[in-house]
Amino acid sequence: MNSSGLDIYYDGECPFCSNYVSRLQLKKTVGKLSLVNVREDRDSLKELERLGFELDEGMVVKYKGKYYTGAEAMNILALLGSPSNIFNYINNIIFSVKWLAVIFYPVLRAGRNAALFVMGKGRINNKSDKKTLDQYHIFAFLFGIFSVYHFIVYATSYRAHLYPASWANLVLGILLICNPGSKRLFVASVIALLFDGWLHAPTASNHTIMLDFLVVGIAFAGLWNWLVKAGNFEDFFKGFAPVGRCLLIMMYFFGVFHKINEGFLNPATSCATMLMHKMPVLSYFADNVFMQYSGIYGTFVIEGFVIVCLLVRRWHYYGVVVGILFHMMLATSVFNSYLAFSSFSVMLHTLFLPKDTLGNFRKSKFYKWVINPASRNKQYHILSGIFFLQLLMNILSVNDVMKMASALPWLMVFIPFVCFVIAYAKPEKKDMERGFFISPMLIVNIVTVLFFVNCISPYLGLKTKQSINMFANLQLEGGKSNHLIFTKPPSVFNYLDDLVSIKKISKRSQLHLFANNGYKVVYYELLNVLERERDTKVTFERDGKLYEKQSYETLKQDADRTLHNRWVRKWLYFNSVSTSDPKACSNYN
């Protein structure tokens, strides 16, 4: 690193960096100029690292024996540059002012990071964390499988409209399964799911609201990692993994907490009893009172056990195994379509697998037969056959027997995986790694906090659907609470207090199911539906008064005063309200 008039150390693989350096025309002002591509000159790279410079965070400039990096480097280059063309003139205006250089430099660095990622180029100092990458490969493989099942469930069980982003989820999911090491496929899949989630919102699906929070957390981690910190892919994974862990913990916690109510604990009305009636084997014992109580309290025991294990680092293995087995059992129920939900849950459980055991993953037969790129053609044909069979069986699921049978392809995928976890993921005590729930990227933790708020929203009187209710028989509408702890919840908002009974509706609508069947609807939700379905007319009873043949036009004043913008209503969503006491379980929960 001999000193010259001006030495510039930059990333030669970055097209922006190379183009920027070549167009500065510095020779006219500094005379002797040395341009050093640190990807090729490793001695210079080592010396700069010894001096404390990180070339992945920006170029380094040495001028008159003094070193400059980042925004300071851009500032000194702008001051030394000759404004002989438009490029240099604009560069001089922006970066010759220090505070402007500080503001605009992160934008340039973000462009560099994005360009290198799209081009498939690694960091200059690409020190891989193999343990983290092993965990990412498992997560990405299951993320791809989940994306496929997410599409299948939406296309068949939910019969939802499929957008181009929905089809992109399917294609990217299959590609990611075949190449879970591809970071670009993973990022593309997350982007597609972001768009698809926004287009489908609001949706009653529990796994979808969890997915939406997860992909937002991943997006935040990506923006922070590549725009702010210039970290590597492992840093990116470590940034969003805590969000996934917290989502799973809160799913289990609120899955238990919401069920502490009169309706769920009563065998005659409990959703646990209904689930037993819709599951193989258990359905034969579902009318036995002892088995009904076992099913009700067994839910608390199993999910409570998993929560404790996932919170105590020495017991993670047991929590992961029991949690995966529990969701495999749920996947066989025909009470609702749990295939995507169970796939998503299994994926999140892998974030708790101790990293020191994941080296076994590459040595296992599961990896060699299913994931190993060397067997990709065989893997592609096997999994394609399973997914095609799954889609066909979902389409043909016209009765409970066929619905139960439709879980078989799902089990063909996940039984080998849980066998791998049981056989290879149990660590020695000394190898246990402390699981963490707080992301080192502080902005990402906002997602965790917002998800918690989302889950407690029924007790705040804010909304009921998308709150991880999970068929809990919970009722907090109409000023009534059946929860045994929150007998008088702190309802900050009053959305749940204003209920209406639908008597008649002019056309088939999402309100049609609740007309004359004993269910009530939150008035806000009625206005929301009518605002979207302008030609629908509805007769309803509100506060003891009958309103006949009402439409959006007749209720426009109320709608304008009450309804928020549509993007807010993608999150503000309400269950129908059962009038039975205790509250009965239904698919509308």
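How many aromatic pairs does the structure hold? The count is 41, where rings of Phe, Tyr and Trp (its six-membered ring) pair if their centres lie within 6.5 Å. Before going further, note that this is a predicted model, in which local features need pLDDT of at least 70, side-chain atom pairs count only at pLDDT 80 or more, and totals for chains, interfaces and linings use all residues. Residues are numbered from 1 along each chain as its sequence is written, and side-chain values use heavy atoms, with hydrogens and water left out.

Let's take one of those pairs, F186 and F236. Their rings sit 6.5 Å centre to centre with 65° between the planes, an edge-to-face arrangement (planes under 30 degrees apart count as stacked, over 60 as edge-to-face and the rest as tilted). This pair ties together distant parts of the chain, since F186 belongs to helix 9 (residues 183-200) and F236 to helix 11, 50 residues apart. Helices here are DSSP runs of H or I with at least four residues, strands are E runs of at least two, and both are numbered from the N terminus. F186 and F236 are both buried, meaning under 20% relative accessible area with a 1.4 Å probe, protein chains only. They also belong to one aromatic cluster, together with Y136, F139, F143, F233, F237 and F240.

Now follow helix 11 itself, residues 233-257. Its 25 residues reach 36 Å from first C-alpha to last, close to the 36 Å expected at 1.5 Å a residue (that is, 1.5 Å times one less than the number of residues). There is a kink of about 25° at F240, shortly before the proline P242; the bend is the angle between axes fitted to the seven residues ending at a residue and the seven starting there.

Y523 lies in helix 23 and F540 in strand 7, 17 residues apart, and both are buried.

Notes:
Buried < 20%, exposed > 50% of the residue type's maximum accessible area, 1.4 Å probe, protein only.
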